[in-house]
Amino acid sequence: MGVWQGDGTAGPVLPIGLVRPKAEIEALAVAWGQSRYRADQVVRWVFRHGVTDPRAMTDLPAGLRDTLAEVAWQQVMETRALQHDPDGTVKGLLELRGSAAAPAQIEAVLIPAGNRLTLCLSSQAGCAIGCPFCATGRMGLRRNLQPGEIAAQVAWARSVAGRWPSHVVFMGMGEPLARYAVVRQAIELLRGPGGFGIGTRRITISTAGVVPGIQALAAEPALQVGLAVSLHAPDDALRDRLVPLNRRWPLEALLSAVREYTRATRRRVSFEYVLLAGINDSPAQARLLARRIEGMLAHVNLIAYNPVPGVPFEPSDERAAQAFGATLKARGIAVTLRRPRGRRIDAACGQLGARHVTANVSRG
């Protein structure tokens, strides 16, 4: 097992008030009587070098550094603890403070695989969806994150890993598509020349099935972010239990929106399916799932259930998982049996917030 390190000083404290669009930084510079090119310098420090504290921006005048520091330190991301899994996965317990929002704790996860480094970031503190097998869902929603708080997790990742993440997945805490406009702003801070420079096709948004959000992605085909849909059941009756959001947007509406997304973007969607012993892993359920998604531009990730304290679900055994995957493959559906990463530190799928996020924060 990994060990939580430190007592509140286990990692960097980052000022993140300057993780914002260049236009806003430029407006600040002009308001202070500075040349517009100063914004280019700040953007280069923040988004190219991962330096969020103006006091380290050595090519800026000392007076401007002090003034910018007042803005930068209005919002803070503090690493309360780090945990390391022997498989290389690193999880951070991060506390967000400042601005008008209440303090919040989130978890973010770094997953290395050769030259690839994936950041699993959070878009909310907690989650309102309430999936019964998910630790984060059992927390409820504690606070929404602002665009800069979401994107700043990339700067945190660099400060911890010593290199930029190559891929970003919105698979941490929260339901990203519940707040499409905010997540869309965060994506602009993540990608392209005005942001951290992560290629859009290396960004994936995961959703439990917020249909309007999927439709919004379909309406922006040039955006080209990836889409992962947490399915977990092949019929409405079971999905109503496992993914309560299904009561609002049932499977037919969800799959129709996914088809719209794949037609508009020509990008394959990933269906995430957590295998729960005796619940959703039977051959009959595999056949029904195959009928549901047959012919779609899609891939199925079969995920071993990762235990959560106090939750009465068990992972499917290897034999059942292999049989489920074989049934899908026989129908021409691409399938991957995903092996858990970070399970020993509660960093795997469905485990975030299981043990270490405190409850002394108010809802936002």
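A residue is called buried here when its relative accessible area is under 20%, exposed when over 50%, and partly exposed in between, with a 1.4 Å probe and protein chains only. By that rule Asp-346, at 6% relative accessibility, counts as buried.

The model is predicted, so local features need pLDDT of at least 70 and side-chain atom pairs count only at pLDDT 80 or more, while totals for chains, interfaces and linings use all residues. Residues are numbered from 1 along each chain as its sequence is written, and side-chain values use heavy atoms, with hydrogens and water left out.

## Backbone with positive phi

Most residues other than glycine have a negative phi. Asp-346, however, has a positive phi of about 55° although it is not a glycine, and it is found in the segment after strand E13 (334–338). Helices (H or I, at least four residues) and strands (E, at least two) are DSSP runs, numbered from the N terminus. Gln-224 is also not a glycine and has a positive phi, of about 65°; it sits in the loop between helix H7 (211–218) and strand E10 (226–230). At 17% relative accessibility, Gln-224 counts as buried.

## Strands around E2

Strand E2 (residues 75–84) has eight of its 10 residues buried, so it is largely enclosed by the rest of the structure. Two strands are said to pair if DSSP finds at least two bridges between them. E2 pairs with strand E1 (residues 13–15) in the antiparallel sense over three bridges, and Leu-14 stands opposite Met-77 in E2. E2 also pairs with strand E3 (residues 90–98), again in the antiparallel sense, over nine bridges, where the bridge partner of Gln-75 is Gly-98 in E3. E2 and E3 form a hairpin with five residues between them, and Gly-88 in the turn has a positive phi of about 100°.

## Aromatic pairs

Rings of Phe, Tyr and Trp (its six-membered ring) pair if their centres lie within 6.5 Å; planes under 30 degrees apart count as stacked, over 60 as edge-to-face and the rest as tilted. The structure holds five aromatic pairs, two of which are set out below.

| Pair | Centre to centre | Angle between planes | Type |
|---|---|---|---|
| Tyr-273 and Phe-324 | 5.1 Å | 35° | tilted |
| Tyr-305 and Phe-313 | 6.2 Å | 65° | edge-to-face |

Tyr-273 lies in strand E11 (residues 269–275) and Phe-324 in helix H11 (residues 318–330), so the pair ties together parts that are 51 residues apart in sequence. Both Tyr-273 and Phe-324 are buried. Tyr-305 counts as buried at 2% relative accessibility, and Phe-313 counts as buried at 15%. Elsewhere, ring pairs link Phe-47, Trp-164 and Phe-196 into a cluster.

## Helices H5 and H6

Helix H5 (residues 147–161) and helix H6 (residues 180–190) pack at an angle of about 35°, with their axes 8 Å apart. Such axes are lines fitted to C-alpha atoms, for helices over the stretch in contact, and angles run from 0 to 180 degrees between N-to-C directions. With contact meaning heavy atoms within 4.5 Å, the residues of H5 that meet H6 include Ile-150, Ala-151 and Val-154, and those on the H6 side include Val-182, Ala-186 and Leu-189. By class, this contact has eight nonpolar, two polar and no charged residues, where Ala, Val, Leu, Ile, Met, Phe, Trp, Tyr, Cys and Pro count as nonpolar, Asp, Glu, Lys and Arg as charged, and the others, Gly among them, as polar.
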